[in-house]
Amino acid sequence: MKRTRTAVAVAMAFSAPAWADHQLGEDNTARMLGTITVPGGRPTSLPTQIPTVIEGTTREQIEATVNATDAEDALKYLPSLVVRKRYIGDFNHAVLATRASGTGNSARSMVYADGIPLSNLLGNGATFAPRWGMVSPEEIERVDVLYGPFSAAYPGNSVGAVVDYVTRMPTQFEAHIKLGGAYSQFDQYDSHSSPSADQLDMSLGGRNGDWSWWLSASRTHSKGQALTFGNRLLSTGTVGNAGVPVTGAVLDLNPGNQPWWLVGGATIYDTTQEQAKLKLAYDFTPTVRATYVLGAWNNSTYGAVDSYLRDRNGLPVYGGRVNIGGRVYNLDSPSPALAPTQNDLTHTMQGLSVKSHTGGVFDWEVSGSLYDYAKDTLRTPIVPTSPGAAQSTPYWLPLGTPTTLLGAPGRTTDMDGTGWNTLKLAGTWRPTGSAEGVGAHVVDFGVQQDTAKLRTQVSNTGDWFSGPALTPFSQFNGNTRLQSLYAQDTWRFAPDWKTTLGLRFEEWKAYGGQLGNATTLLDFRERKDSDISPKAAIAWQANGDWLLKASVGRAVRYPTVSELYQGQILGNTIVNTNPLLKPEKSWTTELTAERDTRNWGVDGLVRATLFFERTQDALYSQTSANNITTIQNVDAIHTKGLELAANGYDVGIKGLDLGGSLTLADSEITANTGFPASVGKQQPRVPRVRAALLATYRPDARWSYSLGARYSGKQYGTLDNSDPNGATYTGFSKYFVADIRVRYQIDRQWSAAVGIDNLNDNKYWAFHPYPQRTFVAELKFDL
């Protein structure tokens with residue numbers, strides 16, 4: 001198959017800068033004015049006219065260069081982006097980090113699939129990861145990323161980045177099937193396992209007259225490594241001879257360099273995921289199309305445990321009072337050191353849109369989406385009031401198989417009724433009938449409503465693994481609604497100049513907040529707020545080689561339901577929460593220079609971007625002066641940095657493509673009245689250095705070889721940077737990992753690939769351990 005370069009920035013090699021009107025084909029068309037033009041295929045939902053930084057990759061590039069076992073793997077080598085993926089099929093912690101936002105700030109980026117939001121804005125943190133499982137790697141046509149809050153079409157959650165997955169829609173009959181597998185070895189403390197995964201993806205689609213359709217299904221079964229480790233600080237043990245003497249505990253240092261005992265591995269996930277999707281499109285006219293998407297995602301996860309401790313008879317010990325090295329520890333209090341979990345969920349996604357795409361004076365769009373937690377249940381055991389001596393046969397542990405239990409009591413967390421929905425009416429007006437030519441305007445405008453609702457009911461049950469909910473334990477409900485008006489005008493006011501000016505008005509409402517315990521359900525007061533966010537960008541084509549751009553935008557990130565209403569009830573009063581949290585308000589600026597390198601003798605692109613962000617009232621969990629830990633506003637965080645990105649084709653020899661990026665960031669907490677010790681410290685989970693490099697060699701039309709490398713510098717997990725030891729459980733470490741992939745096109749229909757992720761077997765952490773060296777293989781048939 002002939003390798004083509006006729007593409008835009010979003011269809012360039014990994015880490016390629018976004019060049020305007022980028023039609024780098026056989027005619028060597030110039031790249032002009034920072035505008036992205038998408039030739040053919042399904043259009044991105046991103047506002048492509050804005051002269052700012054947009055990056056991306058295509059299905060062909062993903063197949064050649066990435067061992068993509070999950071949808072988020074497509075982002076692996078894009079500049080400044082990191083996904084905290086802990087194992088294949090990570091459904092609840094794979095959070096996206098961007099230039100000035102760490103993996104604890106999930107609400108500061110937006111992820112879409114064909115314009116339908118996958119971002120989980122019910123909360124902000126590791127457990128509110130985007131619903132990546134709604135997209136299979138095999139259905140991805142292209143991924144586009146808009147950096148920063150520079151489009152008025154998106155809410156303040158876009159302050160970090162906007163990611164849009166464009167999935168396949170066929171023009172003729174086609175069918176695909178892929179078998180994949182992965183295998184690794186995991187060794188950490190005294191946990192030794194063999195994580196693995198097997199995958200099956202199937203899809204078919206076609207076009208019949210005015211109808212086009214796509215059906216896909218996928219199944220992934222994975223076994224992960226230990227993600228949590230039961231521990232007790234050495235200093236908390238009571239000197240004495242009480243408790244059951246045990247051996248096997250591993251002595252290590254925690255992130256604060258305090259000695260602690262690791263007593264076992266837990267959250268050893270066995271996960272089965274199933275995804276199915278139907279997409280239908282109907283062309284009313286050659287320029288008006290209706291599209292309907294229905295997706296379903298099932299996930300069943302059992303989190304097992306593995307105790308390191310052994311009693312005198314060599315039997316494993318899981319709970320109770322134990323004696324380690326002459327000190328007594330209670331493994332059940334204040335919380336269990338080792339306990340299993342069971343999580344079962346079924347989520348559905350629907351989207352309906354009707355769009356015109358005349359490219360003439362006026363185009364319009366009406367769209368809506370619904371994401372529903374049809375079923376979402378988490379089960380955990382509870383510790384008996386008086387556990388007594390050490391437990392060699394624990395009250396909660398499955399006997400033989402996970403379905404044969406001791407009938408231990410527990411709790412269920414039911415999130416039925418949780419979800420979000422959107423509605424958008426939008427238009428594009430081109431007064432001159434064209435987006436090109438001096439004096440041309442492209443005016444985008446729209447009305448949007450985004451609603452999120454959280455329903456959480458925790459109940460007691462007589463059998464934690466399969467018993468029904470019996471009596472209430474706690475309850476947590478709430479809603480947020482964001483109604484927005486926006487408009488932005490992209491104007492080519494001179495032959496070599498283009499600018500975009502935008503304004504977004506938002507009215508936010510939080511309502512229906514409730515917090516309950518076993519006997520009391522209390523209501524929060526309704527809240528309203530509103531803000532205006534201006535945006536501006538400008539590009540100057542200095543000459544045929546150089547393009548200069550500047551962007552500035554304000555973003556208001558309102559508190560999520562869980563940030564507002566978390567807390568507890570004492571008597572008849574809600575405490576340890578602040579339903580009056582202020583929204584985050586950020587000003588972000590970019591200055592970019594892009595260079596076409598063909599006159600340097602290399603067919604490629606280079607980009608340098610200076611970025612600055614000032615955030616007021618950042619939302620973080622912190623401990624106040626009265627020793628209460630809750631969500632609070634951090635007064636001010638300032639970030640400044642430099643992002644370099646480059647790529648080249650046929651570098652040195654024909655078929656060798658190189659791409660890479662380097663991000664330098666200095667993100668400092670400059671004011672924080674609630675926690676003065678954090679002032680002058682580095683923002684958590686934002687390292688000073690990130691880098692990525694990808695080399696791809698295609699000696700002919702059948703073979704492709706790729707070698708990638710990723711680096712992240714030292715980072716902290718606490719506001720006051722009191723966790724300098726990142727190479728341990730709950731720490732955040734620096735890392736350098738290399739990945740390889742080899743793909744072979746056997747014939748027109750069959751292809752195969754093998755690869756290794758984390759080739760150098762680096763042991764690194766982001767609170768939990770990342771996967772160690774992993775071998776990947778796949779076989780694919782395309783009709």
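Predicted model: local features only at pLDDT ≥ 70, side-chain atom pairs only at ≥ 80, totals over all residues.
Residues are numbered from 1 along each chain as its sequence is written. Local features need pLDDT of at least 70, side-chain atom pairs count only at pLDDT 80 or more, totals for chains, interfaces and linings use all residues, and side-chain values use heavy atoms, with hydrogens and water left out.

Strands are DSSP runs of E with at least two residues, helices are runs of H or I with at least four, and both are numbered from the N terminus. Two strands pair if DSSP finds at least two bridges between them. An open sheet of four strands has the order E14-E20-E19-E15, with mixed pairing. Two bridges link E14 to E20 (residues 327–330) in the antiparallel sense. Val239 stands opposite Arg327 of E20.

Strand E21 (residues 341–356) has two antiparallel partners described here. Strand E18 (residues 288–307) is joined to E21 by 16 bridges. Ala290 has Val354 in E21 as its bridge partner. Strand E22 (residues 362–381) is joined to E21 by 14 bridges. Here Asn343 is the bridge partner of Leu378 in E22. Five residues lie between the strands in the hairpin of E21 and E22, where Gly359 takes a positive phi near 75 degrees.

Aromatic contacts were searched next. Rings of Phe, Tyr and Trp (its six-membered ring) pair if their centres lie within 6.5 Å; planes under 30 degrees apart count as stacked, over 60 as edge-to-face and the rest as tilted. The whole structure holds 30 aromatic pairs. One of them, Trp508 with Tyr558, is stacked, at 5.1 Å centre to centre and 5 degrees between the planes. Trp508 lies in strand E27 (residues 497–516) and Tyr558 in the loop between strand E30 (546–557) and helix H2 (561–565), so the pair ties together parts 50 residues apart in sequence. Both Trp508 and Tyr558 are buried (under 20% relative accessible area with a 1.4 Å probe, protein chains only). A single aromatic cluster comprises Tyr189, Phe229, Trp260, Tyr729, Trp765 and Phe767.

Charges also sit over rings (NZ of Lys or CZ of Arg within 6 Å of the ring centre and within 35 degrees of the ring normal). The charged end of Arg411 is 3.7 Å from the ring centre of Phe473. For Lys509 over Tyr511, the distance is 5.0 Å.

A cavity is a set of points on a 1 Å grid over the protein atoms alone where a 1.4 Å probe fits but cannot get out; lining residues have an atom within 4 Å of a point. The count is 12 cavities of 30 Å³ or more. Elements giving two or more lining residues include strand E8 (174–184) and strand E38 (703–712). The second largest cavity has a volume of about 320 Å³. Among its 21 lining residues, Leu121, Asn157, Asp450, Ala452 and Thr480 lie nearest the centre. Strands E4 (110–113), E24 (419–429), E25 (441–461) and E26 (471–494) each supply at least two residues of this lining.

Pro130 is in the loop between strand E5 (116–117) and strand E6 (140–147). Pro130 counts as buried because its relative accessibility is 8%. Pro130 and Glu507 are 377 residues apart in sequence and 24 Å apart in space, C-alpha to C-alpha.

Methods: Buried < 20%, exposed > 50% of the residue type's maximum accessible area, 1.4 Å probe, protein only. 1 Å grid on protein atoms, 1.4 Å probe; cavity = no way out; pocket = protein on both sides within 12 Å on 5 of 7 lines; lining within 4 Å. Points joined across faces, edges and corners; volume = space filled by probe spheres on them.
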